[in-house]
Amino acid sequence: MRIHQVGSVLALGDAVTNHIVEIDRRLSRWGFVSAIYGADIAASPVDKARPDREYAAVLDNPDDLLIYHYSAYCDNHVLYQRARQRKIFIYHNITPAEFFRPYDPFYESLCRRGRALLPELAGCDLALGVSEYNRQELLAVGFAAERSGVLPLFLGIDDFARAPRREQLVQQLKAGGVVNILFVGKVAPNKGFIDLINLFYAYHRHINPRSRLILVGARFLPRYDQVLDALVARLGLGDAVLFTNRVPLGDLKAYYEAADLFLCASQHEGFCAPLLEAMYFRIPILARGVTGVPYTLGRAGVQFHQLNYAILAELMAMLIEDGALRQQVIAGQTARLAELAPARVEEQLAAALRAVGVPAPAAQGMLP
Amino acid sequence: MSSDQTAPVEPDVAEIIEIRDPEVDVEAIMARVRENVALRRAQGAYQEDLDAIAQQVLTSVLEPTPAASVAEKARDPLEAALAELNARCMVREMPFTSRAPVIGPLIVAVRNFWNWMSTKWYVLAIVQQIVAFHLAVVTAFSELVSVQRALDTEVRQLKALSEQQQATIAGLQEELRRLRSSDLPSRK
């Protein structure tokens, strides 16, 4: 049996692309003929990825299954709508357009179109959110509750394990006992970088000047970058804030290994995969408890609901310095990570396939 | 008490922080946070209004100065047009489908065959030429917008420099006037 996954932009390090690849690995292992298509595959990390127009040739095969990943407006939604085969719709969420308005009309337009189109995509056999938050958004725009579910993102643990260890970078970051506070995510306005910088300032200025804020993620909005650079300069944090831009997996691993705290001030997240990565690297998490974040954290980590710099700076210090608290938080996160372990997600994937009549293996058959 | 009147009103920590893990003594943490904030505030910490500073930065970067506003007004429609071009530049063939029951697949097969016979090789080549042209337009337009942005920045920087130099000149002229007037008695 053939299963086709269609996405928009397939790129290295992108959470949606990683999810597509992880699903593909399982499907292939279970004996399905698994294909991947994208609208833009120029930077795809997957050799087998094909241009989405090639999917047009098979969209009428009634025995096949389409898994359509929706994370941004893309004209290949037409293929999804025209497909005459079983369809699973996976919603990765789309950032509300308002976040981009002051910075970039193109991304604002893309997000607005993406959200406006969502109700028209409800015609599927099963709609899956990558978090309960996303599933609720689907229900709110008219997707059928009885044909909906949650399939969390796969954490690519194997990829991290395989990535080269950048010992020199880790030592360099830890040199002189500097405390490293980390956030991972593309440098976009919904990720709350202004709040991150302000929070770091409060900690750095009033508690520990031997500290560094490491911001790992692609910079792609010149006007937003300009604002962030100006804020860093205005607060005198030039030497303490490091924007790495996009980095190879080995470097990302080093930043996680050197981090003392994962600080997330995002105002909108569908899932926030870096939270899982921080759990995996045993870094205590302090995150703004909004949108998809509380669903991903479950009972783990520490969440904040108001931006009080003094209180949060003191809490950051406790999470970094208080060994007992740190271990308790990490233990909670490790337990949460086990709930979201790839083997569990694999079971959910198989259940989703069975729900649309695809003979996926039962749980015991999937375990290695 | 007078000290209460001057101390900042600290919001309830429990409304700010949420720890769901039952293994963590949340009350003890809240108490220590409160205590540490009070201690550091007493030493003069946390006085700056970081939200106001961020707002100033946002305003200075995003809101155009009066001199730049003409250029900004001209640029916004350019950026909107660029967004539109980007969103619509790809023209792609889409498959023919039919929702007709039973005979639908037959209609699709006949239509696909007819499309293949009559137009595919002819139209597809034209579509590819159109897409190539669209992409060239988008690229050229993007470059123009980039150049425009760079020029705006340069104009703003030059204007700021010019204002700075005018202020320096004015200060020097004032200083010169003051020195001349203070020299007058000795000359006499």
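How many bridges join strand 8 of chain A to strand 9 of chain A, and do the two run parallel or antiparallel? In this predicted model, six bridges join strand 8 (residues 179-184) of chain A to strand 9 of chain A, and the two strands run parallel.

**View 1. Pairing of strand 8 with strand 9 in chain A.** Within this parallel pair, I181(A) stands opposite L213(A) of strand 9.

**View 2. Burial of strand 9 in chain A.** Six of the six residues of strand 9 (residues 211-216) of chain A are buried, so the strand is largely enclosed by the rest of the structure. In a regular strand the side chains alternate between the two faces of the sheet. Here both faces are covered, with S211(A), L213(A) and L215(A) buried on one side and R212(A), I214(A) and V216(A) buried on the other.

**View 3. Pairing of strand 9 with strand 10 in chain A.** Strand 9 of chain A is also joined by four bridges to strand 10 (residues 241-245) of chain A, again in parallel, and L215(A) stands opposite F243(A) of strand 10. Strand 9, helix 8 (residues 222-234) and strand 10 of chain A make a right-handed β-α-β unit.

**View 4. A218(A) in the loop between strand 9 and helix 8 of chain A.** With 16 other C-beta atoms within 10 Å, A218(A) is partly exposed. Leaving aside neighbours within four places in sequence, A218(A) is in contact with K186(A), V187(A), N245(A) and R246(A).

Key. Residues are numbered from 1 along each chain as its sequence is written. Chains are lettered from A and ligands numbered from 1 in the order in which they are written. This is a predicted model: local features need pLDDT of at least 70, side-chain atom pairs count only at pLDDT 80 or more; totals for chains, interfaces and linings use all residues. A residue is buried if 20 or more other C-beta atoms lie within 10 Å of its own, exposed if 12 or fewer, and partly exposed in between; C-beta atoms are placed from the backbone. Two strands pair if DSSP finds at least two bridges between them. A crossover is right-handed if, with the strands pointing away from the viewer, the path from the first strand over the helix to the second runs clockwise. Two residues are in contact if their C-beta atoms, placed from the backbone, lie within 7 Å.
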